[in-house]
Amino acid sequence: MQKDALILSTSSGSPLEVKNGLDKMGFKNINYLALCKYSDLELASPDFIDDFKDDFINNKLEYENTYNLLADDKSKEIFEKIINFKISYDLTFMQGFTNDHGSQYFDKEIIPKIKNIRFVDGGGYVGDTLKEIIKNYPDFEKIYCVEPNTLHINIAKRDFGDIDNIEFINCGLGSEKIVNQIKEEKQNNCAHDYQATNINSIDNLISQKVDYIKLDIEGAEQDTIIGAKNTIKKYKPILAICIYHKAQDWYKVPQLVLDIESDYDIYLRHYMEGIYETVMYFIPKFK
């Protein structure tokens, strides 16, 4: 390929790695986000980012309130960088972030040690978080792997079904029990944007003590917090909630949690170079 060619990169998960590689090879390059921002072309909007600027402008005070709730300077720095990135599409704001999936949900800077943990894996996918739970908490007492996609949960069962005290729950999470009239084959696929055939709440599904709830459930996080109200109030578990799916999650999620239980410290971490994997942690103050 000629060095004077202009390469368009469309990586949303590892855009810095792609850009750095192309720069080292001497190729001129532009990221798809910049093309969306500066061209007049009718282009598909990037995931989880196109609603952000308008929401920030219209609800700036709400974002400021979230910023003021954050418990450490690192959280505030991450907040500023990601807000600027989502408004400007400028990847320079993402310098310093790396793809660090091993630390996601198990960030030793902020997560206390817990013996015999009881863990709710909301959005269990194919069991990728199960592996990390077992590694970080080998003495775990119970894991609830909750996943609506039939294909995905069957893969998790195949790989982890022989381990004691892991319960696989094939449903979506929300604020209440809902059964949708959707053909089952739509559940047996590898897409993320499916609709669950059945939904239930954490309060309905789990009556025992819970120490930790992780939620990465494609935009259903707010409803699921509402559906976990009794569990949060009774047990005050650690919460690790992804807030990158919807702009409003940046302020609605902390509002919902603190309305249920105010005795939490709030942290923000980001585990990818690009758009995905922004996690808001709620750590009980007297855990």
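Me: Is Cys36 buried, partly exposed or exposed?
Reply: This is a predicted model, and the values here are computed from it. The relative accessible area of Cys36 is 21%. Buried means under 20% and exposed means over 50%, so with 21% Cys36 is partly exposed.

Me: How many disulfides does the count come to?
Reply: A disulfide needs two cysteine sulfur atoms within 2.5 Å. For Cys145, the nearest cysteine sulfur is that of Cys171, 11 Å away, and Cys145 is in no disulfide. Cys145 is also buried, at a relative accessible area of 0%. The count of disulfides comes to zero.

Me: Which residues is Asp72 in contact with, leaving aside its neighbours within four places in sequence?
Reply: Asp72 is placed in the loop between α4 (60–69) and α5 (73–88). The side chain of Asp72 makes a polar contact with the side chain of Ser75 at 2.4 Å, and another with the side chain of Arg269 at 2.8 Å. With the neighbours within four places left aside, the contacts of Asp72 are Tyr267 and Arg269.

Me: How many residues apart are Phe79 and Trp250?
Reply: The count of aromatic pairs is 13. In one of them, Phe79 and Trp250 are edge-to-face, with 5.4 Å between centres and 70° between planes. Both residues are buried. Phe79 belongs to helix α5 and Trp250 to helix α11 (residues 249–260), and this pair links distant parts of the chain, 171 residues apart.

Me: What is the pair of rings of Tyr264 and Phe282: stacked, tilted or edge-to-face?
Reply: Tyr264 lies in strand β11 (residues 264–270) and Phe282 in strand β12 (residues 278–284), so their pair ties together parts 18 residues apart in sequence. Tyr264 is buried at 4% relative accessible area, and Phe282 is buried at 0%. The ring centres are 6.0 Å apart and the planes are at 80°. Planes over 60 degrees apart count as edge-to-face, so the pair of Tyr264 and Phe282 is edge-to-face.

Me: Which residues do ring pairs link into a cluster with Phe79?
Reply: Phe79 forms an aromatic pair with Trp250. Ring pairs link both of these residues into a cluster.

Me: At what distance from the ring centre does Lys81 lie over the face of Phe97?
Reply: Charged ends over rings can be described by a distance to the ring centre. The charged end of Lys37 sits over the ring of Tyr38, 5.7 Å from its centre. Lys81 lies over the face of Phe97, and its distance from the ring centre is 4.7 Å.

Me: Which residues of strand β9 point the other way from Tyr212 and Lys214?
Reply: In a regular strand the side chains alternate between the two faces of the sheet. Strand β9 covers residues 212–215, and Tyr212 and Lys214 point one way from it. These residues and those pointing the other way are all buried. The residues pointing the other way are Ile213 and Leu215.

Me: Which residue in β10 stands opposite Leu215?
Reply: Strand β3 (residues 118–122) pairs with β9 in the parallel sense over four bridges, and there Val120 stands opposite Ile213. Four bridges also join β9 to strand β10 (residues 238–242), and these two run parallel. The residue in β10 that stands opposite Leu215 is Ile241.

Conventions
Residues numbered from 1 in each chain as written. Heavy atoms only, no water. Polar contact = N/O pair within 3.5 Å; in protein donor to acceptor, adjacent residues only side chain to side chain. Contact = heavy atoms within 4.5 Å. Phe/Tyr/Trp six-rings, centres within 6.5 Å; stacked < 30°, edge-to-face > 60°. Buried < 20%, exposed > 50% of the residue type's maximum accessible area, 1.4 Å probe, protein only. Lys NZ or Arg CZ within 6 Å of the ring centre and 35° of its normal. Pairing = 2+ DSSP bridges.
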